[in-house]
Amino acid sequence: MQSQNPFHDDLVVGIPAIDAEHQQLFGELNRLSRDPSGMASVEFFFEGLSRIGQKITEHFRHEEALFEHCGIDRDEISAHVAAHNRIVEQFTELQLDLMTGACMDRAATLGMLRSWIVTHLLAYDLKIKPLAEQGVPPR
């Protein structure tokens, strides 16, 4: 079975709405990872990927709105938004590959998604934590 993706305290940024969205992304990954044999229907898998894509897009929009109201350094905002755009582009390419049949297996697909989400959270989203510590109001 695919390893589950626990959301633990080390990943909390301290802004409840953002943390809830992170937990939802991990929950969707876990839901798709529970089928070790890959026997779940193709429709189930594609619906799950679609939900993840929607949640990623909404989450990025929420984070970017937060940036505009919190006095984050412009260069930091630009780098973070560029990382969002890269993930959206990669996700779109992945979906196109899956639709045209030029795809990898489910485990590899989930591994890519897991890597994008966890790497982004560690490299970028945890930098938001000082905002929460300074009392940035939750959205």
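Modeller: From the N terminus on, the elements run α-α-α-α-α, which comes to five helices and zero strands (helices being DSSP runs of H or I with at least four residues, strands runs of E with at least two, numbered from the N terminus). This is a predicted model, in which local features need pLDDT of at least 70 and side-chain atom pairs count only at pLDDT 80 or more, while totals for chains, interfaces and linings use all residues. Residues are numbered from 1 along each chain as its sequence is written, and side-chain values use heavy atoms, with hydrogens and water left out.

The part to examine is the pairing of H2 (42-68) with H3 (residues 74-100), whose axes, lines fitted to C-alpha atoms over the stretch in contact, come within 11 Å and cross at roughly 165 degrees. That angle makes H2 roughly antiparallel to H3 (over 145 degrees, on a scale from 0 to 180 between N-to-C directions). The crossing is left-handed, meaning that the near helix is turned anticlockwise from the far one by less than a right angle. On the H2 side, the contact (heavy atoms within 4.5 Å) includes Phe46, Leu49, Ile52, Gly53, Ile56, Phe60 and Phe67, and H3 contributes, among others, Ile77, His80, Val81, His84, Ile87, Val88 and Phe91. By class, this contact has 12 nonpolar, five polar and two charged residues, where Ala, Val, Leu, Ile, Met, Phe, Trp, Tyr, Cys and Pro count as nonpolar, Asp, Glu, Lys and Arg as charged, and the others, Gly among them, as polar.

H2 also takes part elsewhere, being included, with H4 (106-123), in what covers the buried residues of H1 (buried meaning under 20% relative accessible area with a 1.4 Å probe, protein chains only).

Conventions: Angles under 35 degrees count as roughly parallel, over 145 as roughly antiparallel, 65 to 115 as roughly perpendicular and the rest as oblique.
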